[in-house]
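Where do the nonpolar side chains of a protein gather, and which aromatic rings pair up? Please keep these two topics in mind while looking at the structure below.

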Amino acid sequence: VGAVDNPMVDGLNQPRGLAFDADGNLYIADPGIGGDITFGEETEFSQVRSAGATSQLLMIAPDGTQTVMLPHLPSTGTEGESGGLTKVQLTEDTLWLLFGEGAPFQPFTDAVIALDRETMRVKHFIDLMPYETLYNPDGTDEIYSNAHDLFVTDSGFVYIIDTGANTLYTWDENNGLAVLQVW
């Protein structure tokens, strides 16, 4: 990030989500590159994937100081693709993180995690794969989730796009996860 001859941040692996806080700090969601664990098989439609702890959340202060806020988060990778932390959004007291397509055994795969910004403790964990498994909103034969994007309103109402499940979800503390639209 920054000019090629004078990078503000380097060493990123397919950074995806960016957000600013009220103090002008830039947050970068970096999904990582997988790791040393391999799973899956090479077929006409899939590749062998790797898994590891290479995803991270970085913060760049207005003065250029770089801090790894959350290191060693789960990541998966194939040639040219990665899954892990892909989106970050900040509200007044919450840090919202979206974890996209990952390994089936990773606890953060296809989930939205809300952290208290002061304590960094988990406030909410929204796991999309169990909903897809139980209800299969798009009705296809494939049970598949790939959390892709989220938007959190000032009132705490969350919109989540799951491109694997072909579903736009909503979530709030009182009603939990619900389907808004399926395609």
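The paragraphs that follow turn to the nonpolar cores and then to the aromatic pairs.

This is a predicted model, and its largest nonpolar core has 16 residues. Within that core, the residues with the most contacts are Trp-96, Ile-126, Leu-150, Ile-160 and Leu-177. Two or more residues each come from strands E10 (94-99), E11 (111-116), E13 (147-152), E14 (158-162) and E15 (167-172), and also from helix H1 (128-135). Strand E13 gives the most to this core, with 3 residues.

We now come to the aromatic rings, of which a search of the whole structure finds 4 pairs. The rings of Tyr-131 and Tyr-169 form an edge-to-face pair, because their planes stand at 85°, with the centres 5.4 Å apart. Since Tyr-131 lies in helix H1 and Tyr-169 in strand E15, this pair ties together parts that are 38 residues apart in sequence. Tyr-131 is buried, with a relative accessible area of 18%, and Tyr-169 is buried, with a value of 0%.

Phe-157 and Tyr-159 form another edge-to-face pair, because their planes are at 75°, with ring centres 5.2 Å apart. Here Phe-157 is partly exposed, at a relative accessible area of 27%, and Tyr-159 is partly exposed at 30%. Finally, ring pairs link Tyr-131, Tyr-135 and Tyr-169 into a cluster.

Note on methods. Residues numbered from 1 in each chain as written. Predicted model: local features only at pLDDT ≥ 70, side-chain atom pairs only at ≥ 80, totals over all residues. Heavy atoms only, no water. Core = buried A, V, L, I, M, F, W, Y, C linked by side-chain atoms within 4.5 Å. Buried < 20%, exposed > 50% of the residue type's maximum accessible area, 1.4 Å probe, protein only. Helix = DSSP H or I, 4+ residues; strand = E, 2+ residues; numbered from the N terminus. Phe/Tyr/Trp six-rings, centres within 6.5 Å; stacked < 30°, edge-to-face > 60°.
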